[in-house]
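Keep the sequence and the 3D view open side by side as you read.

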Amino acid sequence: MATPTGSRVPCPEAAVVRTLLLGWILLQVAGAAGTRDVVAAYNLTWKSTNFKTILEWEPKPINHVYTVEISPRSGNWKRKCFYTTNTECDLTDEVVKDVNQIYTARVSSYPANATGFSGEPPFTNSLEFTPYLETNLGRPAIQSFEQVGTKLNVTVQDARTLLRVNGTYLSLRDVFGKNLSYTLYYWKASSTGKKTAKTNTNEFLIDVDQGEDYCFNVQAVIPSRRTNQKSLESPIECTSQEKGVSGETSIIIGAVVIVIIILIVILTVCLYKCRKARAGHVGKEHAPLSTV
């Protein structure tokens, strides 16, 4: 007996699978075509001073954009700069949360026009960065100075950092405490031979020669560091003994002038009285004798 035959009924599940498979293949092809001109970032470099921290990299994008992520060690990645054509990203807000933490950043490259891109973008990781140990020290400034006799007093003003506590920015001294020291370079204005003095406070009191002008500047130092130990030197300041001498001289000259004026007045009064007395005496001598 023959088995009856008829048209096969299509299976809807198989059609769905084929459709999904075809869609996945098309996405892979589109992704490959979209990333063909994408260039992975290179030369990732941390630039940090007083904890203001920027990540820089190359190259300038042509047909692609970048996204930057940062993560503390054993932490989660956090995106900071999205689909940017820049080659730098400010990561300060993240690193100041814990300056003793070790951070890694990565830069991913995406096609410029790949809206809804779902492929795996090429990316490059940075070297690890520890802000407390590696941020550059900002240039300090001379807050005040005074030379009196054989003593020169210099007060250093700490550079401000981007760390904040209760809305107030902290100074280098606030962050590093006694780990921060200063070196003072000083020399006679008439000479080029430099001397140095060191302190782990913000005050210098050094012996100098009487009557000599001195020039000096300072440098912040963290001796415990292996790298980035020193800041740039502050602008040069100089004392001026001439200003002090001219001030004293002005006082002396003023006093002498006053004394001279007083003497002139006294002399004038004396001469006037003498002339008046002499005129009275002469008048008596020429007066007519009275007759009885």
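## Surface and overall make-up

The protein chain has an accessible surface of about 19600 Å², and carbon and sulfur atoms hold 57% of it. Accessible areas come from the Shrake-Rupley method with a 1.4 Å probe, and for residues only the protein chains shown count as cover. This is a predicted model: local features need pLDDT of at least 70 and side-chain atom pairs count only at pLDDT 80 or more, while totals for chains, interfaces and linings use all residues. Residues are numbered from 1 along each chain as its sequence is written, and side-chain values use heavy atoms, with hydrogens and water left out.

Of the 292 residues in the protein chain, 32% count as buried. Buried means under 20% relative accessible area, exposed means over 50%, and partly exposed lies in between (1.4 Å probe, protein chains only). The chain has five helices and 16 strands; these are DSSP runs numbered from the N terminus, helices being H or I with at least four residues and strands being E with at least two. Among contacts with a separation of 6 or more, 61% are between residues 24 or more positions apart, where contact means heavy atoms within 4.5 Å.

## The sheet around β3 and β6

Let's start with an open sheet of four strands, ordered β4-β3-β6-β7 with antiparallel pairing. Its edge strands are β4 (78-84) and β7 (123-125), each of which pairs on one side only. Two strands pair if DSSP finds at least two bridges between them. On average, neighbouring strands here are turned by 15 degrees against each other, direction ignored; axes are lines fitted to C-alpha atoms, for helices over the stretch in contact, and angles run from 0 to 180 degrees between N-to-C directions.

Nine bridges join β3 (residues 64-72) to β6 in the antiparallel sense, and Glu69 has Arg106 as its bridge partner in β6. Ser108 also lies in β6 (residues 103-111). Is Ser108 buried or exposed? Ser108 counts as buried, because its relative accessibility is 5%. Beyond its neighbours within four places in sequence, Ser108 is in contact with residues including Val65, Glu69 and Phe123.

## A second sheet and a hairpin

Another open sheet runs β13-β12-β15-β16, again four strands with antiparallel pairing. The edge strands, pairing on one side only, are β13 (195-199) and β16 (237-238). Five bridges hold β12 (residues 181-188) and β13 in antiparallel pairing, with Tyr185 facing its bridge partner Thr196 in β13.

In the loop between β15 and β16 you will find Ser234, which is buried at a relative accessible area of 4%. Ala141 is 93 residues away from Ser234 in sequence, yet their C-alpha atoms are 5.4 Å apart.

Strands β10 (residues 160-165) and β11 (residues 168-171) run antiparallel and are joined by three bridges. Arg164 stands opposite Tyr169 in β11. Two residues separate the strands of this hairpin, and Asn166 takes a positive phi near 55 degrees.

## Nonpolar cores

Which residues have the most contacts inside the largest nonpolar core? They are Phe176, Leu184 and Phe204, in a core of 27 residues. β15 (214-221) is among the elements that supply at least two residues, as are β9 (151-157) and α4 (172-176). β15 gives the most, with four residues. A second, separate core of 16 residues includes Trp46 and Phe129. A nonpolar core is a set of buried Ala, Val, Leu, Ile, Met, Phe, Trp, Tyr and Cys residues joined through side-chain atoms within 4.5 Å.

## Salt bridges

The structure holds nine salt bridges, each a side-chain nitrogen of Lys or Arg within 4 Å of a carboxyl oxygen of Asp or Glu. One joins Lys52 and Asp90 at 3.0 Å, N to O. Lys52 lies in β2 (residues 52-58) and Asp90 in β5 (residues 88-90), so this pair ties together parts that are 38 residues apart in sequence.

Glu94 is worth a click too. Its salt bridge with Lys80 has the closest N and O atoms 3.7 Å apart, and its salt bridge with Lys97 comes to 3.3 Å, N to O. Glu94 is buried at 10% relative accessible area, whereas Lys97 is exposed at 57%. Through shared partners, salt bridges join Lys78, Lys80, Glu94 and Lys97 into one network.
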